[in-house]
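Please walk through this structure with the sequence at hand.

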Amino acid sequence: MTRIASAGTYRLGTRTVNRLGYGAMQLAGPGVFGPPKDTPAALAVLREAMALGINHLDTSDFYGPHITNQLIREALHPYRDDLVIVTKVGAMRGDDASWQPAFSAADLERAVHDNLRHLGLDVLDVVNLRAMFDVHGPAEGSIEAPLTALAELQRRGLIRHIGLSNVTPAQIEQGRRITPIVCVQNHYNLVHRGDDALIDQLAASGTAYVPFFPLGGFTPLQSGALNDVAARLGATPMQVALAWLLRRSPNILLIPGTSSVAHLRENLASAALELSDEDLATLNGLSTRR
């Protein structure tokens, strides 16, 4: 059993969640497309995540598409009362596995209903609107129309809380003029630190920041200095990278993904990892600031 509680908790909307959660993206097939090679193994990961105390689960109906939500429902429904499931809308998958914008009001309503149906829910806890002006990272562009459409679905009782993903500070401010924003989900990790100032601003307002690709995503983090810190601590480099994120700011909620029970346990063990001031100084120096 990991000491997940030592990572602490944080507010996500009106709920309180453990800061170490789980992202379900890797449960789909290669390229986040199609079914997993081993469905029983995928179901086992979800059940073990719950057994280890995770109560923040990140998903989307465009993972697969539909695959991860169907797996979540099969493994976990009926859901524990303390489980907060966060999903995303604003994108869709092409037949060639491409990632495409799906930003119209009709697209968003269809996506919300797809998430509800495949997860077996009457209302979604948190829905993140993913901006798709640039699939590779935040890019300026108005989110007023799609966010207004999503806020209408919230008013109709289909969504409890709304967050934003792949967005700029200007888009967050625009979003806040339309509806309360409970979380921001952007690309951030030990070396990819362009959101440093934004994280601090969100912390000051009590808003959760949820970094995706916390371990580098499709290109895992690699650093000799990171390896050296890990060796001194008797930990893996990925455990150190997660521990650094937990120390970075109290409003950071982690959702590292994996399709392996062993790797899941390894990730969660990072909650108990203690970094010295020397370790932090070394790790802070790895930023590329890109």
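What follows looks at a helix, a loop serine and some aromatic pairs.

The model is predicted. Start at helix 8, which covers residues 237-248. This helix has 12 residues. From its first C-alpha to its last it reaches 16 Å, close to the 16 Å expected at 1.5 Å a residue.

How many residues of helix 8 are buried? The count is 10 of the 12, so helix 8 is largely enclosed by the rest of the structure. The buried residues are Met238, Gln239, Val240, Ala241, Leu242, Ala243, Trp244, Leu245, Leu246 and Arg248. Which elements do they pack against? The partners are helix 6 (196-204), helix 7 (224-233), helix 9 (261-268) and helix 10 (277-284).

Now move to Ser270. This residue is found in the loop between helix 9 and helix 10. Is Ser270 buried or exposed? Ser270 has a relative accessible area of 1%, and the cut-off for buried is under 20%, so Ser270 counts as buried. Leaving out residues up to four places away in sequence, Ser270 touches Leu20, Gln239, Leu242, Ala243 and Leu246. Gln239, Leu242, Ala243 and Leu246 are among the buried residues of helix 8.

Next come the aromatic rings. The whole structure holds six aromatic pairs. One of them joins Phe62 and Trp99: the ring centres are 5.8 Å apart and the planes stand at 85 degrees, so the pair is edge-to-face. Phe62 lies in the loop between strand 4 (56-58) and helix 2 (67-76), while Trp99 belongs to strand 7 (residues 99-101), so the pair ties together parts that are 37 residues apart in sequence. Phe62 is buried, at 7% relative accessible area. Trp99 is partly exposed, at 34%.

Another pair is Phe103 with Phe133. Here the centres are 5.9 Å apart and the planes are at 85 degrees, so this pair too is edge-to-face. Phe103 sits in the loop between strand 7 and helix 3 (105-119), and Phe133 in the loop between strand 8 (124-130) and helix 4 (144-155), so parts 30 residues apart in sequence are tied together. Phe133 is partly exposed, with a relative accessible area of 38%.

Return to Trp99. Ring pairs link Trp99 with Phe62 and Tyr63 into a cluster. What lies over the face of Trp99? Arg93 does, at 3.7 Å from the ring centre.

Conventions
Residues numbered from 1 in each chain as written. Predicted model: local features only at pLDDT ≥ 70, side-chain atom pairs only at ≥ 80, totals over all residues. Heavy atoms only, no water. Helix = DSSP H or I, 4+ residues; strand = E, 2+ residues; numbered from the N terminus. Expected span 1.5 Å × (residues − 1). Buried < 20%, exposed > 50% of the residue type's maximum accessible area, 1.4 Å probe, protein only. Contact = heavy atoms within 4.5 Å. Phe/Tyr/Trp six-rings, centres within 6.5 Å; stacked < 30°, edge-to-face > 60°. Lys NZ or Arg CZ within 6 Å of the ring centre and 35° of its normal.
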